[in-house]
Amino acid sequence: MTTGPAITRWQPAAVTVGTESPVLGEGCNISDTLSPIKLSPPDAGFRSGPQTNALALADLHVTPYPVSSAVAENRRESPQKVSLPACVTGALAAARTEQAWLITGVKGKKLRVSVATNAIASQLDAVLRVFDVNEKKLLDVDDAAKDEFEIVTEFNPPADGEYTIVIGDRFWHGGVDYVYTLSIAESGPDFALTVPGDAFVVRPDKALEISVSIDRRFGLSTPIGVSVEGLPEGVTAEAATSEPKGDSSKSVKLKLTSTRDAEWIGPIRIVGRTGEGDELRRWARVTPAEGQQVTPPLLLKVLGKPDAEAKKAE
């Protein structure tokens with residue numbers, strides 16, 4: 001816990017990759033005079049927000065899609081229209097409320113629909129429902145799995161026309177921290193990477209192995225190259241390949257070795273790429289622990305050679 005300023009949510013909760021977007025941190029003990037910060041994120045994913053004098057407890061959703069925010073009139077009875085692909089942000093500011101988004105679907109063109117809450121430190125236990133123009137419920141989805149807090153699903157429009165996507169809370173709770181991002185785009189093969197921890201140590205006399213779990217989604221059947229970015233000079237990592245079939249389809253191991261004399265500590269990123277023309281690139285996240293909200297960055301500590309460290313201390 002902290003008694004100082006802490007950011008529990010960003011406004012908006014999502015920004016478009018590569019565009020200059022103003023974001024404002026909100027939360028506990030935050031000064032009313034805090035000004036929006038402009039940033040131009042180069043990569044998509046869930047990222048730490050811009051540096052401020054407040055402790056950031058929420059990640060920022062960086063998306064490749066245009067971002068829209070919910071208007072005050074957005075509710076189940078008056079859905080807000082949005083063009084696809086899109087990433088929309090909203091908040092269930094009061095109990096027993098819902099927000100709704102009106103989209104146009106094409107028969108036979110599957111849409112990937114995902115809701116992010118846990119990654120942005122939201123209190124929302126999201127439920128997603130899709131209705132047609134006759135109020136017939138076509139889809140009803142809760143969390144993806146028992147140990148996950150996000151929704152990732154597909155919607156296959158049965159006919160050309162308009163559909164309403166409704167976001168609510170499983171227990172009908174609400175509040176300023178019940179925020180979400182909803183991403184809607186044409187579906188296609190995808191994958192996700194997770195690692196079991198957020199801190200790793202490389203010793204000069206022993207290689208470090210990092211196990212990377214691979215979740216192939218929506219029929220992905222191509223190899224995935226997995227590598228490490230951000231390594232310091234003197235540290236190398238053998239890239240690994242996840243094949244569509246066999247043991248490596250579900251997990252691979254990265255092997256890191258060091259020839260450094262001096263100690264080093266810093267952030268790294270583990271990235272997977274399909275390597276095709278329409279390359280998919282995804283960064284590994286830490287498997288969420290119970291009660292964990294913000295995804296921590298991956299940190300690597302490289303121990304220096306004992307003789308070199310001793311000479312440095314003399």
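Author: A residue counts as buried when its relative accessible area is under 20%, as exposed when it is over 50%, and as partly exposed in between. Please keep in mind, as we go through this structure, that the model is predicted.

Reader: What does Trp264 touch, if I skip residues up to four places away in sequence?

Author: With those set aside, Trp264 touches Gly230, Pro232, Leu300, Lys301 and Val302. Leu303 is 39 residues away from Trp264 in sequence, and yet the C-alpha atoms of the two are 6.7 Å apart in space.

Reader: Switching topic: how many residues of strand β7 are buried?

Author: Five of the five residues in β7, which runs over 59–63, are buried, so the strand is described as mostly covered, going by the limit of under 20%.

Reader: Which residues are on which side of β7?

Author: In a regular strand the side chains alternate between the two faces of the sheet. In β7, Asp59, His61 and Thr63 are on one side, while Leu60 and Val62 are on the other, and both faces are covered.

Reader: How many bridges join β2 to β7, and do they run parallel or antiparallel?

Author: Strand β2, residues 14–16, is joined to β7 by three bridges, and the two run parallel; within this pairing, Thr16 stands opposite Thr63. Strand β5, residues 45–48, is joined to β7 by four bridges and runs antiparallel to it, and there the bridge partner of Arg47 is Leu60.

Reader: What about the open sheet of five strands, what's its order?

Author: The order is β22-β24-β20-β18-β27, and the pairing in this open sheet is mixed. The edges are β22 (235–238) and β27 (285–286), and because each has a single partner strand, one side of each is left without a neighbour in the sheet.

Reader: How does β18 pair with β27?

Author: Strand β18, residues 190–195, pairs with β27 in the parallel sense over two bridges, and Thr194 stands opposite Arg285 of β27.

Reader: Are Phe155 and Tyr163 buried or exposed?

Author: Phe155 is buried, at 4% relative accessibility, and Tyr163 is buried as well, at 3%.

Reader: Where does Arg76 lie, and where does the charged end of Arg96 sit?

Author: Arg76 lies over the face of Phe131, at 4.1 Å from the ring centre, and the charged end of Arg96 sits over the ring of Trp172, 5.0 Å from its centre.

Reader: Last one: where does Asn74 lie, and which residues is it in contact with?

Author: Asn74 lies in the loop between β8 and β9, and it counts as buried at 5% relative accessibility.

Definitions and conventions:
Residues numbered from 1 in each chain as written. Predicted model: local features only at pLDDT ≥ 70, side-chain atom pairs only at ≥ 80, totals over all residues. Heavy atoms only, no water. Buried < 20%, exposed > 50% of the residue type's maximum accessible area, 1.4 Å probe, protein only. Pairing = 2+ DSSP bridges. Contact = heavy atoms within 4.5 Å. Lys NZ or Arg CZ within 6 Å of the ring centre and 35° of its normal.
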